Each structure stands twice: as structure tokens, then as C-alpha cells.
Amino acid sequence: MTFAEIRRAFIRFFISLRVTIVLLALSIVLVFWGTLAQVHLGIWGVQDKFFRSFVVLGTIPKTDIPVPLFPGGYFLGGLLLINLVASHLYRFRFTWDKAGIQLTHFGLILLLVGELVTSLFQEEYQLRLDENQARNYAESFRQNELVIIDTTDPEWDDVVAIPEPFLARRRDVQHPALPFRVVTRYHLPNANLGLQDPAAPRDFGVPNYANRGLGPQVLVTPLRVTHKENERNLPAAYVELHAPEGPIGTWLVSPMLVQPQTFEYRGRSYRLALRFSREYKPFSLTLKELRHDIYPGSNIPKNFSSLVRLQSADGRDDFEALIFMNNPLRHRGLTYYQYQMDSVSGFSVLQVVRNPGWTIPYIACVLMSLGLTWQFGRHLLGFIARRRTTVA
Amino acid sequence: MPGFLPRSPRLLALAPALWLAGCGGPDVIAYRVPKEPEIPPELASAAASTPEAPAAGALVWQSPAAWEAKALTAMRRGSYAIRGPDGGEADFSIIAFPGAAGGLLENINRWRQQVSLPPFSPAQLNEHIRHLDVGPLHFDLVDFAGPLDGELTRITGAVLSHRGESWFFKLMGPDEVVRAAHADFMGLIHSTRPRS
């Protein structure tokens with residue numbers, strides 16, 4: 001087969017209307033299946049498994065061996081995108097009669113591109129601030145990371161952040177910034193922690209590998225992984241640090257353990273923790289004041305607002321902003337929304353979102369509306385004109 | 001469906017390549033950040049090396065003058081020794097733990113086990129427990145004594161859920177020492193309030 005033949009085979013395949021129909025049919029099945037699966041997996045689980053994947057994976061019953069079940073959203077969406085673009089390039093020719101259809105298709109292409117941009121580049125974090133507290137980072141809603149922090153320097157912390165999937169897959173980590181290897185002995189995606197009673201039998205909970213830090217005093221019990229929108233999994237792991245001369249120790253880590261776990265190695269001080277993944281920014285927010293107003297004589301909330309001060313590290317920005325419902329703070333591509341608040345305890349939680357493609361769906365819808373209006377309008381006018389001719 | 005599939009199956013080799021291109025997640029990263037200007041309260045309490053630290057995390061309290069503060073550990077937010085007139089000594093500890101820490105029933109039964117008492121059923125716990133509101137804080141109070149190594153040992157305790165943590169205030173020691181310290185214990189409970 002020559003290169004020209006391969007090229008023609010590609011083109012023939014990707015401009016095929018049959019491919020379009022098959023892909024649309026498969027997409028309908030995928031959406032239907034994903035909608036049903038949302039009952040058990042929740043919105044995030046369904047998005048990851050069905051729509052933001054190339055293949056929908058299942059497992060062989062009673063094993064963890066993955067098997068492909070169905071093409072995923074990226075696969076179908078990607079092929080549809082190629083199919084649409086290729087068809088326009090090779091099949092369609094511009095005429096005013098078909099301009100509406102082409103504009104509608106262009107809107108559809110934009111819609112697909114917009115979803116891709118959103119899934120690849122959208123960031124969504126939360127920022128919890130106590131009153132008068134300043135923070136230059138936001139925390140992930142769903143992702144966690146193991147951090148090993150060299151705290152020896154009096155002014156700086158040197159952080160090595162290991163995403164939780166490394167722990168889940170029990171992948172050893174030997175990072176140049178660390179003089180030891182990080183080995184995961186045990187990982188639970190969701191767990192509850194309780195106080196360990198030395199006298200109690202250990203017939204529930206998981207084996208306690210910890211010999212350093214808080215772990216020996218803590219009982220870890222597995223919990224079912226949750227996919228609910230208003231809940232998050234709190235993982236736990238036993239992490240062993242291996243130096244060239246032998247193991248340093250094994251620690252229990254979990255986002256529930258807020259107390260610091262520290263140790264010394266070769267004259268340097270370290271802290272380790274499993275925490276919500278952080279995203280540092282070159283500016284900080286300080287919560288100056290929070291307000292929770294209610295309608296007089298009732299407990300019905302009238303207004304939640306957070307007065308924050310934004311200061312950039314380079315000193316260029318220093319201003320105050322009031323964030324309240326439908327009045328977010330927008331700064332350097334990030335949008336800060338009022339998310340949660342506890343005025344009694346004095347803290348506010350902001351939702352931090354970056355979505356560089358947020359305007360694309362609006363533009364796509366406008367283009368599709370214009371295209372359909374043009375197409376139907378042109379047909380309608382033609383029909384009316386023909387009718388007049390007939391009547392006359 | 002003739003003509004639907006590409007003629008060369010070699011073209012299908014692109015599919016796994018496309019799939020693999022989408023694989024891969026976040027990687028291990030290293031970075032340097034300035035130390036946080038303010039130590040979170042939970043860290044401050046556990047990091048405090050001086051036993052007289054009055055504020056420990058999200059709560060503050062007034063400890064009785066006669067109680068002798070002891071060194072804190074990673075788990076203890078408050079730790080005191082109470083000496084009786086006859087040389088007996090009771091221990092008072094304040095421990096905070098994230099989440100429900102196993103639940104109220106399990107923890108009260110853990111305390112009962114420590115003084116050789118049988119566990120409560122949920123109904124028995126409901127009958128035994130007393131409730132106390134101190135400002136915005138709600139305490140569950142228990143008090144029982146059991147034979148421990150041939151000596152009557154009493155536990156007077158309070159359990160509180162606050163800002164996602166379970167707090168355990170436990171006074172444990174010889175029966176007469178704990179009874180004598182009961183008023184001081186309640187005074188400490190009444191003085192407890194959220195950190196402002």
C-alpha cells in the first residue's frame with residue numbers, strides 16, 4: 001500500500017457519514033449508560049470513567065484486572081471532531097444555501113473543542129480562610145498529596161509533593177530532593193481513624209504498620225469509597241522511608257491527622273503529611289471580615305460576604321475586595337466565589353475556579369442559533385416566495 | 001458494513017497510541033515556599049513544648065489553680081496531674097481527634113473497659129449520659145467507677161464535637177481523688193470556649 005493510498009483510506013474513513021452516524025449512536029449509548037451509572041458513581045466518578053476517558057474500563061469480576069468495555073468520551077468526541085472537520089474540508093463547499101448548516105456545524109465543533117479545553121485546563125479549588133488569616137494557596141476538592149517537607153531553613157520550606165495515585169499504585173518514589181526512598185506499605189482510598197485501645201483486639205481495622213509518629217496510637221478502619229458530590233474521600237496510608245543504610249520508620253498519614261509528624265535525618269528536620277493537594281499562587285488573600293446577615297426576626301440568610309485583601313508577592317497588587325453571592329473576585333484568570341461560611345467559628349471558604357474555555361460554549365450556542373435561524377429562515381422565505389408565485 | 005472500516009488494519013494501530021497519549025496523571029514535584037506566617041492552631045497546640053500553654057487548638061479553657069500542668073504530647077492538647085490529700089494522683093487529659101473518632105458509644109466503652117466495667121448498650125448509654133451546653137459547645141458527660149487492680153478507679157469525662165474534631169476531656173484516678181476534683185473538673189468544662 002502506497003502512502004497516497006493510506007492517505008486516501010484515512011480521508012475516506014474520516015469523512016464518512018456512516019462514521020458520523022455510528023459515533024452519534026455510540027455517544028447516545030454512552031450518555032445513557034453514564035446517566036444511569038451516576039446513581040452509584042456520582043457526577044465526578046461518571047465524568048472520569050465515562051466522559052473524560054478514551055475507554056470505559058471495567059474489571060473482571062472478583063479481580064482488579066481492567067478490561068475495556070466501551071469507547072469513552074474522549075475517543076468518541078475526538079473522532080466526531082475529526083469527522084466534522086474532515087467533512088468540512090473535503091466534502092462541503094461553501095454556498096449561501098448551505099451557509100446555515102455550515103455555521104451550525106462550526107458551532108458544534110466549537111462546543112466539542114470547548115469541552116476538551118475545559119476538561120484539560122479547568123482548575124477548581126477551595127480556599128479556606130480564618131479571620132485575619134492569609135493564604136497564598138488553594139486546596140483541591142478531591143485530590144490529595146503526600147508531602148515531605150524539609151523544614152530546616154528558618155524562612156523557607158522545601159516541599160516534595162507526591163500525588164496520591166503514586167500511593168494507591170504503591171509506586172516507590174526516589175526523588176533527587178530527598179535523601180531517602182518513599183515506599184507505600186498500605187493505602188486506603190477512604191478510611192476512618194479512631195483512637196487505638198492497646199487492650200482491644202485488632203480483629204477490625206487494618207494492620208498497623210506504623211512505628212513512628214501518631215500512627216501506633218491510631219486505629220484505621222476502611223470506609224466505602226464515596227462518589228457523592230457533598231462528600232469527599234479521606235484516604236490513609238502507611239508510608240515507609242528507606243535510607244541507604246536501612247529503613248528510617250513507617251508513618252501513618254491521612255488528611256484527618258492535623259497534628260504535625262516530624263523527624264530528623266542527617267541533621268535536617270522533616271515533616272510529612274497526606275493533605276489536600278495545594279496550588280500555590282504568586283499572591284495571598286487575607287480574610288479581613290466575614291458577614292452572615294439574616295432577615296430580621298428569622299434565621300433566613302440574607303447575605304454571606306467575605307472582605308478579603310489581595311497582596312501579590314511582587315508588591316504590584318494590594319487591594320481589598322468584597323466577595324458575595326453573584327459577585328466573585330476575578331484576578332489573573334481565577335474567579336473566587338463565596339462558597340461556605342461559619343460566622344460562629346469565624347471562617348470562610350471560597351471556591352477558586354480557572355476555566356480558560358468558559359466563553360466557548362456561549363459562542364458555540366450563538367453560532368448554532370444563527371446557523372439554524374439562517375437555514376430555516378432562508379427555507380421559509382423561499383417557501384413563501386414559491387407560494388406567492390403559485391397563487392398569482 | 002462494507003467500506004466502513006479502513007482498508008488497512010494498520011490504521012487501527014493509531015487507536016491505542018491515541019489512548020496512551022491521554023494517559024498519565026500529575027507527577028511528583030518539588031518546590032520551595034516561604035513558611036506560613038501563622039501556624040494553624042492545631043499545629044500550635046501540638047508543637048507547644050511548655051506545659052502551661054493555656055490555649056490548645058480550637059478551644060481554650062481555664063485550668064484550676066491546684067492542677068499541675070504536665071508536658072503535652074502529640075495527642076494531648078491538655079494534660080494535668082491532680083494530687084489528692086492522701087498521696088493519690090489522678091490524671092486529666094484533653095485529647096482532640098479528627099472526625100467522630102469511632103463514635104461516642106465506642107469511646108465511652110473504651111473508657112469503661114479501662115476501669116474493668118462491662119460495655120454500655122446504646123440504650124444504657126442514653127440513660128447514663130448527661131448533656132451540658134456551654135455557649136455554642138455541647139458536651140456529653142459521663143461518670144463511672146470500676147475496680148482496677150483491686151482499687152476503685154473513677155472516670156469523669158466529657159466528649160465534645162467541635163469543628164470536625166472529637167474532643168475528650170477525661171479525669172481518671174482513685175475514686176476519692178476524682179470525686180474531690182469534680183467541682184474543678186466542671187469549672188474547667190464551664191470555662192471552655194471556642195478560640196476567638
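**Surface patches and aromatic pairs in a predicted model**

A:F383 is partly exposed, with a relative accessible area of 45% (buried means under 20%, exposed over 50% and partly exposed in between, with a 1.4 Å probe and protein chains only). The model is predicted: local features need pLDDT of at least 70, side-chain atom pairs count only at pLDDT 80 or more, and totals for chains, interfaces and linings use all residues. Residues are numbered from 1 along each chain as its sequence is written, chains are lettered from A and ligands numbered from 1 in the order in which they are written, and side-chain values use heavy atoms, with hydrogens and water left out.

A:F383 sits in helix α6 of chain A (residues 360-391); helices are DSSP runs (H or I) of at least four residues, strands (E) of at least two, numbered from the N terminus. With A:L380, A:L381 and A:I384, A:F383 makes a nonpolar surface patch of about 400 Å². Patch residues have over 30% relative accessible area and no salt bridge; like charges are joined within 9 Å, and nonpolar side chains (Val, Leu, Ile, Met, Phe, Trp, Tyr) within 5 Å. A salt bridge is a side-chain nitrogen of Lys or Arg within 4 Å of a carboxyl oxygen of Asp or Glu.

Chain B carries a negative patch, formed by B:D86, B:D149, B:E151 and B:E176. B:E151 belongs to strand β9 (residues 151-162). Its relative accessibility is 41%, so B:E151 counts as partly exposed.

Over all chains, the structure holds 27 aromatic pairs. One of them joins A:Y186 and A:Y209, with 5.9 Å centre to centre and 35° between the planes, a tilted arrangement. Rings of Phe, Tyr and Trp (its six-membered ring) pair if their centres lie within 6.5 Å; planes under 30 degrees apart count as stacked, over 60 as edge-to-face and the rest as tilted. A:Y186 lies in strand β6 (residues 181-188) and A:Y209 in the loop between β7 (191-195) and β8 (218-222) of chain A, so the pair ties together parts 23 residues apart in sequence. A:Y186 is partly exposed at 26%. A:Y209 is partly exposed at 27%.

In chain B, the ring centres of B:W67 and B:F92 are 5.0 Å apart and their planes stand at 55°, so this pair is tilted. B:W67 is in the loop between β3 (59-60) and β4 (68-69), and B:F92 is in strand β6 (residues 89-98), 25 residues apart. Both B:W67 and B:F92 are buried. In chain A, one aromatic cluster is formed by A:F180, A:W251, A:F263, A:Y265 and A:Y270.

Definitions and conventions
Areas by Shrake-Rupley, 256 points an atom, 1.4 Å probe, with all protein chains shown as cover. Lys, Arg positive; Asp, Glu negative; His and termini not counted. Charge placed at Lys NZ, Arg CZ, Asp CG, Glu CD.
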